[in-house]
Amino acid sequence: SSWSDTAACDILKCLGNLLSHQTAMPELEFYVSPCWEEADRRAFAEALRTNRALKALAITADIIEYAPCGALIQCAVEGQAISKFRLQAAVCTRTPSWAELPLDRLVAGALRNRVLTDVCIEVDRHGDEHVEEMFSAVRGAATRNVLFRQVALISKHSACPAVQSAVAAMTEHGFRGALLALL
């Protein structure tokens, strides 16, 4: 391994450590190095996922494998504060670990996400239906969140109680309250 590979791994570890300690870093843009060890990538993805200050995440790579790609997208979907996510890669390759892609967890996370509103995923030559489903779930979550915010804004400025009740019932808590009120 060359000096630059070692430096890239050290930088990843330091950045992951900073993020895991809730460092106030509202935006992060980085290049995915192919030399990163699997354990380092997982620790870094977990630090991204749990950091509450990170609002925008941009990832660039020449070649990205399915499993790290899935882990990074998963941290954006399950992130507690990330509202803007960008992924650009020239090639998404299939590796022996591609089956580890957390597709079910990722789609479920996308359905629960209420923060993500701006998504741009540009990966050439992916074409695999599992990866397409993953990208579609993330894009769908962002679109739903944008539409929900627009409807909530309309409701906020509406004097009509029926509109306000309908929008309030669109949240999980509001739906339960509306259902209990009917019973």
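**Contacts and burial in a predicted chain**

A search of the whole structure turns up 1 salt bridge, meaning a side-chain nitrogen of Lys or Arg within 4 Å of a carboxyl oxygen of Asp or Glu. This is a predicted model, where local features need pLDDT of at least 70, side-chain atom pairs count only at pLDDT 80 or more, and totals for chains, interfaces and linings use all residues. Residues are numbered from 1 along each chain as its sequence is written, and side-chain values use heavy atoms, with hydrogens and water left out.

Q: Which residue forms a salt bridge with Asp118?
A: Asp118 sits in strand β4 (residues 118–123) and its partner in strand β3 (residues 84–93), so the pair ties together parts 32 residues apart in sequence. Strands here are DSSP runs of E, at least two residues, and helices are runs of H or I, at least four, numbered from the N terminus. The closest N and O atoms are 3.1 Å apart, and the partner is Arg86.

Q: Is Arg86 buried or exposed, or partly exposed?
A: Buried means under 20% relative accessible area, exposed over 50%, and partly exposed in between (1.4 Å probe, protein chains only). Arg86 has 26% relative accessibility, so the label is partly exposed.

Q: What is the angle between the planes of Phe30 and Phe44?
A: Rings of Phe, Tyr and Trp (its six-membered ring) pair if their centres lie within 6.5 Å; planes under 30 degrees apart count as stacked, over 60 as edge-to-face and the rest as tilted. By that rule there is 1 aromatic pair. Phe30 and Phe44 are 5.0 Å centre to centre and edge-to-face, with the planes at 90°.

Q: Where does Phe44 lie?
A: Phe44 is buried, at 2% relative accessibility, and Phe30 is buried too, at 9%. The pair links distant parts of the chain, 14 residues apart: Phe30 is in strand β1 (residues 27–31), and Phe44 is in helix α2 (residues 38–50).

Q: Within what arc do the buried residues of α2 fall?
A: The buried residues of α2 are Asp40, Arg41, Phe44, Ala45, Ala47 and Leu48. Take the directions from the helix axis to the C-beta atoms: the buried residues line one face of α2, because their arc is within 160°.

Q: What share of the contacts in the protein chain with a separation of 6 or more comes from residues 24 or more positions apart?
A: The protein chain has 7 helices and 4 strands. A contact means heavy atoms within 4.5 Å. Of the contacts with a separation of 6 or more, residues 24 or more positions apart account for 81%.
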